Amino acid sequence: MARNIYWADSYVEKRCSADDAIRKIRQGQRVFIGSACGEPQQLVRSLADNAVRFSGLEIVRMMSMESVPLSEIANKTHDASMNIRNIYLGSASIDTLARNKRFITPMNMSDVPLLFKSRKMPINVALIQVSPPDDFGWMSLGVSVDVTSAAASSADYVIAQVNTRMPRVMGHSFIHVNDVDVIVEHDEELLAIEPPQQSEVAVQIGKNISRLIEDGSTLQVGLDAASQATVQALINKNDLGLHSQYLTVDVMHLYSKGVITNRKKGFNDGKLVASAAVGTQNLYEFLHDNPGIEFYPSDYVNDPFIIAQHNRMVSMNVARSIDLMGQVTAEAAAQTLYAGVSGIPDFVRGAKRSKGGKSIIFLPSTTADGKKSTIIPITEGVPIVLPRGDVHWVATEYGIANLFGKSMQERVMAMITIAHPDFRDELLDVAKDMGMIGKERTLGEAVRAVYPVGLEDSIVRGDKRITLRPAKPVDERRIQEHYYKLEKKDVFSRFFHDKKSFNRSDLENKSHIDYIKDLTLIATVGEIGFEEVIGVAEYLLIVEQNMAEVAFSIDKKYQGMGLGKIFMKKLSEAARSNGISGLMAYTVPENKAMIGLFKTLPYKVKTTIEDDALVLTCKFNELREGLL
């Protein structure tokens, strides 16, 4: 029978040593251990020390930092009946991952709290770590609310390690002294990890992804190096928000610098929302009593319905491999460290339903040793975390691809474009053999090309934002549509005859380019991946003269907006940096626009007539008079 007692007196009565608390566990019980950096280390050490006393225990943990490898305890005590259920693997070495694969319980993180609270997986004992109680008896779960909150509220018996170093985090993170059974007071540093070491590949992936993120977006980010590199690449963005499973050191830095303000989230405005923190002691100090931060359980933070209510929600998640159809695997590996089903499907589906939202899956183009492509023909023999229909954006260090609404052939070409150049030919051949693309498809010079992101630019004309960028193989159809929309006189100016059809042979040299000997720039309007091409500018190297022949076409609606001048400047700068001597163009004598474009450059322009065509030339080592 429950006794009415002041909570402070109850707290005193419930205090005992860690060993005494652990000895209250009975044979065959299911024991939950607080997750990630909230792991109650003293209680876990005591459990390990007393392991020989128990038989048939089942240990449930969400993300273990492996401070005490319980699988090794089972081996040492020869307890064949001891079971360890890992819902999320966490920061373990690749050897540990391989050895403990049988313990993984693949689940969406949003479903785990209900598993406990519904008693479908009843928790007999919960080992948790909390802050000291406040004046009202409330203790915070601090850095680990996620599924720990549900385990603690539904467990038959709760053992709490009270640690003065646990930050008091706002939100739905509290448990009352009256709701725990045993108190173990033990101060120690919380488990901490330094930010992951970033490679040049991770940094480039981050830069590529940052181009997709608009001011005012709400972010979900992972724990891997590429995710953190992306966060760092957002330093010049404005009014970002965070709604994410984990809060990290790099997020803290963006918050401290005013990049993350949470003012435009559209939901939980002004609050940085997460369910756990993984990082350094500085991060944990940043969390303590911070009114701008709220932690909630995983069934709230990871709920796709909640996620979808944010403005411009952007989910960013790392994959281990993606096949040409877009199927994603994300099991833990040495490169990712943190992986599994986890919250990926929850955030992907929630972000896609957000107003202006985006879902981004990213990965290095090769394995760590560079010997295998992470973009593969088809996924076989490993679990698929995301089916192809859920995948929207994909990013590698070689670029970004939008798979949403794309045909199989378009998906294949897009994925090959962002694969490592060493594997593109092989992927193309396999795709042909599998019937995923036509036998006539080629990549041409693009097979080894590295997309020159530095040539990208954007301008605003009226209410339109126009993007100028190098063309990619996936742009072939859009360039074709552009040519078909040109007026008759513009077609004649561009092709020197009344051309009425534009076949693949006309387009391959514009999208299958190496960006050095041949370069095509396009101007687009509309959402990335679904753009309308409104202008095309190109140069092709005339090898024997080391001169680049240029040509332009611009949609009538966008003529007179200065696009030609921008195109001309970019083509000349690219040609010069690639060691080309100058530019030339063949046009009709009446084409005053082309003559005018050449005169915008700071070089001497020569004009000659060849077979009724006007030939314009300029060399980069011949400046106009007055510019010498």
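**Close-up views of a predicted model**

Phe567 is buried, at a relative accessible area of 0% (buried is under 20% relative accessible area, exposed over 50%, and partly exposed in between, with a 1.4 Å probe and protein chains only). Before the views, some housekeeping: this is a predicted model, where local features need pLDDT of at least 70 and side-chain atom pairs count only at pLDDT 80 or more, while totals for chains, interfaces and linings use all residues. Residues are numbered from 1 along each chain as its sequence is written, and side-chain values use heavy atoms, with hydrogens and water left out.

View A. Rings of Phe, Tyr and Trp (its six-membered ring) pair if their centres lie within 6.5 Å; planes under 30 degrees apart are stacked, over 60 edge-to-face, and the rest tilted. The count by this rule is 8 aromatic pairs. One of them joins Phe404 and Phe530 edge-to-face, with 6.0 Å from centre to centre and 75 degrees between the planes. Phe404 is in the loop between β19 (399-402) and α15 (408-417), and Phe530 in the loop between β22 (518-525) and β23 (532-542), so the pair ties together parts 126 residues apart in sequence. Helices (H or I, at least four residues) and strands (E, at least two) are DSSP runs, numbered from the N terminus. Phe404 is partly exposed at 44% relative accessibility, and Phe530 is partly exposed at 39%.

**View B. Phe552 meets Phe567.** Here the ring centres of Phe552 and Phe567 are 6.4 Å apart and the planes sit at 45 degrees, so this pair counts as tilted. Phe552 belongs to strand β24 (residues 547-554) and Phe567 to helix α20 (residues 563-577), 15 residues apart. Phe552 is buried too, at 11% relative accessibility.

**View C. Charges over rings.** A charge sits over a ring if NZ of Lys or CZ of Arg is within 6 Å of the ring centre and within 35 degrees of the ring normal. Lys406 has its charged end over the ring of Phe530, 4.0 Å from the centre. Arg424 lies over the face of Tyr398, 5.6 Å from the ring centre.

**View D. The two sides of helix α18.** In α18 (residues 488-495), the buried residues are Asp490, Val491, Arg494 and Phe495. They span an arc of only 110 degrees around the axis, which puts them on the same side of α18 (the arc is that of the directions from the helix axis to the C-beta atoms). Exposed Lys488 and Lys489 are on the face turned away from that buried side.
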